[in-house]
Amino acid sequence: MHLKQVDLDMYLPVRNLICVIWPVITSHRNLVCCKEKKERERKSPPCFIWLHLSVCRPVLRIWTVVLLLGTCLLYCARVAMPICAVSMAERFSWSKRETGMVLGSFFWGYCFTQVLGGYVSDRVGGEKVMLLSAAAWGAMTAFTPILAHFCSQPIVSMTVSRFLMGLLQGVHYPSLASLCSQKVVESERGFLMSTVGSGSYLGTLVIGGIGSLMLDLYGWESVFYISGLLSVLWAYSMWKYLLKGEGPIITLESLGSAGTQSKLSKRNWLRLFRQPAVCAVIITHLCNASTFFTLLSWLPTFFKDTFPDAKGWVFNVIPWFVAIPSSLFSGYLSDHLISQGFDTASVRKLMQFFSMGVSSVFTLFLCGTTTFPTAVAFVSAIMGLTTFNHCGVSVNVQDLAPSCAGALFGVMNTCGAFTGVIMVYFSGYLIEATGSWASVFGLITVLNLLGLGTFLCFAEARRVDIDLAKGRYHNIHI
């Protein structure tokens, strides 16, 4: 029966009733393919579409801003130690080797909780894991100066502290992937992930600017106090106003509950890893993380060696200013193309092509760079294009396996972190052996093309976390 266009304000009781009933009905339906979903929405009454958007999108915007701030504070706390490392080394008489041990201990801890964080998030909710971990690493950051001053062996306390920081922060991105895959529809995941991902660049800029100023004016302790307390405040605000004060309690019963998601993780993990599309996202993310960690670690040294008279703040700040709007644009472009009817897998591949393919061209350009402004422009282009990864392989894992996206992303990030550390060390060996930066940039290009080729050949966007014996999808809330 055709419904006439009416003034919705005249039927507020009916609209409110539909707002309650409609999510309940749709949450118990099996997922269908994208074409069938779009056809159903096209045939639905205009009032249904309007009501659905008015309920979901304001909440999505609030969560996007909150998660953006959380990721920003995550990097503020993470980068606090590198910024204060020189002052702390002078205060406690650390050698270069001891300073490196303190800084490197974070990444070893970061590797070990990726899979566990995603595993728990898929069962109890990514928001709970993120909240508890943020309160813990925020408190750890705030107590860092106290541990350093009151411990008889500061080098030991700081190494253990950074290792624990890595353990606690390692669950952030897997829990974010789990939360997004279970709560956000496919056509809006790109913008959310790219926006939240830009928080890492924003946090690096904030702590690099304001943190350096606080370091000069009030001492290195103030950097840890402020970043830690703000992180705890963010966690409290999220618990109080978004979770409505519901206790983020994770019990053994909730972890052991045999829901549809846990059934998948127990019975079908081996089958999942046999899927070419799953192997493709793991290999692509491994290559992407390795090249990004290498650039992040060695670019400052490249500028110092090649352009010794250049000002450090220029090449340490400008690329991150470019990365933020680039990340937001990639998210908007990705969601816009999907909403216009383009194939989801093709859009993911296009975003990854910009991230690893086009950026490799500018990486090769660095080999023959002779002027400082040109080098900064090329590096800024590389960093800006790399952010398209947030709408490529990073979100593709949620397309493939939304019921276990957190744990699967944890596997990807663990592999990427380990290979990233190895790649950074190997790049240093190449620089010493060849005396040329072209060898490092060439290796980065080869890895990028390897990952890109794998993704273009095997990537898909259909769900693979299904029970083939029964031929049905696992339930998921969107």
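This is a predicted model: local features need pLDDT of at least 70, side-chain atom pairs count only at pLDDT 80 or more; totals for chains, interfaces and linings use all residues.
Select Phe-378 to begin: setting aside neighbours within four places in sequence, Phe-378 is in contact (heavy atoms within 4.5 Å) with Phe-362, Phe-365, Leu-366 and Thr-369. Phe-378 sits in helix H17, residues 372–386; helices (H or I, at least four residues) and strands (E, at least two) are DSSP runs, numbered from the N terminus. With 17% relative accessibility, Phe-378 counts as buried, a word used for under 20% relative accessible area, while exposed means over 50% and partly exposed lies in between (1.4 Å probe, protein chains only).

Residues are numbered from 1 along each chain as its sequence is written, and side-chain values use heavy atoms, leaving out hydrogens and water.

**Next stop: Cys-391.** Move to the loop between H17 and helix H18 (393–400), where you will find Cys-391. Is Cys-391 buried or exposed? At 0% relative accessibility, Cys-391 counts as buried. Beyond its neighbours within four places in sequence, Cys-391 is in contact with Gly-190, Ser-194, Ser-330, Gly-331, Ser-334, Arg-348 and Met-351. Select Leu-192 too: Leu-192 and Cys-391 are 199 residues apart in sequence, and 9.2 Å separates their C-alpha atoms.

**Other cysteines.** How many disulfides does the structure hold? The count is zero, where a disulfide is a pair of cysteine sulfur atoms within 2.5 Å. Cys-367, by contrast, is partly exposed, with a relative accessible area of 38%.

**Along helix H10.** Select residues 220–242. The 23 residues of this helix should span 33 Å at 1.5 Å a residue, and its end C-alpha atoms are 33 Å apart, which agrees; the expected span is 1.5 Å times one less than the number of residues. Colour the buried residues of H10, among them Trp-220, Phe-224, Ser-227, Ser-231, Trp-234 and Met-238. Just after H10, look for Lys-244, which takes a positive phi of about 60 degrees.

**Into the core.** Two of those tryptophans, Trp-220 and Trp-234, join Cys-84, Met-88 and Trp-94 as the residues with the most contacts inside the largest nonpolar core, which has 72 residues. Such a core is a set of buried Ala, Val, Leu, Ile, Met, Phe, Trp, Tyr and Cys residues joined through side-chain atoms within 4.5 Å. Helix H3 (residues 46–92) gives the largest share of this core, 18 residues. Apart from this core lies another, of 29 residues, including Tyr-201, Phe-302, Trp-437 and Val-440.

**Last stop: Thr-144.** Find Thr-144 in helix H6, residues 126–150. Thr-144 counts as buried, at 3% relative accessibility, and its side chain reaches the backbone oxygen of Met-140 at 2.9 Å. Leaving aside neighbours within four places in sequence, Thr-144 is in contact with Met-81, Met-158, Ser-161 and Phe-224.

Finally, zoom out: the chain has 20 helices and two strands, and buried residues make up 51% of its 478 residues.

Definitions and conventions. A polar contact is a pair of N or O atoms within 3.5 Å; within protein, one must be able to donate a hydrogen and the other to accept it, and residues adjacent in sequence count only if both atoms are side-chain atoms.
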